[in-house]
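Please open the structure in your viewer and keep a selection tool at hand. Each stop on this tour begins with something to select and then says what is found there.

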Amino acid sequence: MSGTVRYSARALAELAASDVSLVEKHLEEHFVMQGLGVPGMAERRSWQRSLPVLARDLADAGLHDVEVLLEYRLPLSSKRADVVLAGTNPRTGAESYVVVELKQWSKARLDDDIESLVRVEGSPRSHHLHPSVQVGGYVDFLRDFTAVLHDEPERLTGVSYLHNAEDVGVADLVDAAVAATYPLFTSSSRGAWLDYLRSRLAPSSGADAADRLLSSSVRPSRQLLQVAASEIRDRENFTLIDEQRVAYDLVMKAVQRAARDNTKTAVVVSGGPGSGKSVIALSVLGELARRGKTVLHATGSQSFTQTLRKVAGKGSTATQRMFMYFNSFMAAEQNALDVLVLDEAHRIRDKSVNRYTPKAIREKARPQIDELLDAARVPVFLLDEHQVVRPGESGTVDTIRSAAESHGMRVEYVSLEDQFRAGGSQVYVEWVLRLLGLVDGGPVPWTGDEHFELRTARSPRELEVALDVYREKGFGARMTAGYAWRWSDPRSDGTLVSDVVIGEWSKPWNVKGDRAVGDAPPSPLWATSPGGFGQVGCVYTAQGFEYDWNGVMFGPDLVWRTDRWVARREENKDPAFRSRSQVSDEQFDALVRNVYKVLLTRGMVGTILYSTDPETLALLERLIPPGTRGVESED
């Protein structure tokens, strides 16, 4: 992991004593280069106040030659550990690493109901994670995804250090059970803190250990749907960290409160692509099922729900029944469920009825959000507002909050700010939002990110060949496109029609229905079955899924003209957008941009872009200079 801010303990102590602002400047440059933006005042204060204390303690412990890695970025994530200390174990001589979470808190207490949550005096936030829980999450995450640690987990441990606090001000945090595994030290226990450091790190050079950690390969991410079955049974495959864990614990607290006080609480969790929403959903589902609570999972996506039924519910009909649709609750008994987990909640629709629903029922239909709020004492909504891609979808934080409050419900809201898809590249996700005009500022050049690859292709054939090269290397890959070509039914002989025609190149769309056609998997399994590479996927089959390499073809329905995007309704073939009376031109423009935003953010390792329109392709090539694309040399 290149680009990490790294010092020996001796060098850090000398800088901290003479001019800590030099360390701060180095960290600020690191933030910008890593695509993390400009650090805020809270982060700067933490560096100014905590790093000199840590440097002094390492010196007093005699550990001058230990390597200090600051703001260490977790693999496949934009989350950062404050400090990782690298050295050798004084007893075994093996590499030894200590993750350190630094806190400036002086007074804090455990939440009354959930031991992993903390209330901090003077903090504007209602809840924080217990520091030992937080650092334990980082340790588990690093063990899961760092190759040099996977087979030797004992080489890594974690601690938290509240250097401004005395034991009396954080007594119940110190006494919490989790602190037995991941110790918490304060200024009162500084002697024990120094002894702990000496027990894990020898007074010798940590340079080789740091080099080994920083050069370690990242073990490929265990993708959600490949491990969902064991996740629901055992909850051992995913580590929830920071805001993810806060969201999980708030759900558990709401369940306890509902049972004790006969209350209702809506938990709303928003986050961008890959921020961990579905991981939270499955973790909540599995844990509550094991506790004997009545809990169901629902989405508005046929592909996502059916894939979860097939993979997560493999071999268990009862487990498969836990995965429902948003429109399954029209006639549900009020509060019949303890918890209803609503994944992809941006796909909540105005009403659950459709054209096949009998007229008498349609006339009495309530808003779908009301049905979902009534169905459980704790409805949990997980959403990304920029993934609304169809008319009639109405899942936003504001609409959910307003509806819940009108029902007299308490609302807990958590924002997942960090990215776990797109290799954890916040800079790429922000680049996409700027590219499509979904945030202000307009398109900007891609300046590169060591955690994510981006390139263009000059033709669909070049795109396909490039993706196939990565497949041969063991990566997953898929091609997707905007809905700008007709979508035919299979021929009478059972073969697919190659509807996506670009010059002499052609490919069929993914299968329409729930049955395989030849080697092509059924629509719900296009993103996860090996045969899916032979077809072009659309937004309805790609949404909710991820793969290593992502090929995206801009169709003629969204093109760049001089200085702006032009949404060309006449070029779009999606039946949902056909009626101007139901979808205005302004709505179409917003929805088609969201469609491409979804398509562009499916890749974990890299994305290759192509446009059928020469002016749009020229824009993409200007924005992605060859020197920043990062993968041409491999072809």
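This is a predicted model: local features need pLDDT of at least 70, side-chain atom pairs count only at pLDDT 80 or more; totals for chains, interfaces and linings use all residues.

Begin by selecting V139, which lies in helix α3, residues 131-145. With a relative accessible area of 0%, V139 is buried.

Next, select D242, in the loop between α8 (228-234) and α9 (243-261). Most residues other than glycine have a negative phi. The phi of D242, however, is positive, near 50 degrees. Is D242 buried or exposed? Its relative accessibility is 9%, and because the limit for buried is under 20%, D242 counts as buried.

Move on to N335, which is placed in the loop between β12 (323-325) and β13 (337-342). N335 is likewise a residue other than glycine with a positive phi, here near 60 degrees. Its relative accessible area is 22%, so N335 is partly exposed.

Finally, select helix α19, residues 585-600, and draw a distance between its end C-alpha atoms: they are 23 Å apart, which agrees with the 22 Å that its 16 residues should span at 1.5 Å a residue. If you then colour the buried residues of α19, they include F588, L591 and the run written as V592, R593, N594, V595, Y596, K597, V598, L599 and L600.

Terms used: Residues are numbered from 1 along each chain as its sequence is written. Side-chain values use heavy atoms; hydrogens and water are left out. Helices (H or I, at least four residues) and strands (E, at least two) are DSSP runs, numbered from the N terminus. The expected span of a helix is 1.5 Å times one less than its number of residues. Buried means under 20% relative accessible area, exposed over 50%, partly exposed in between (1.4 Å probe, protein chains only).
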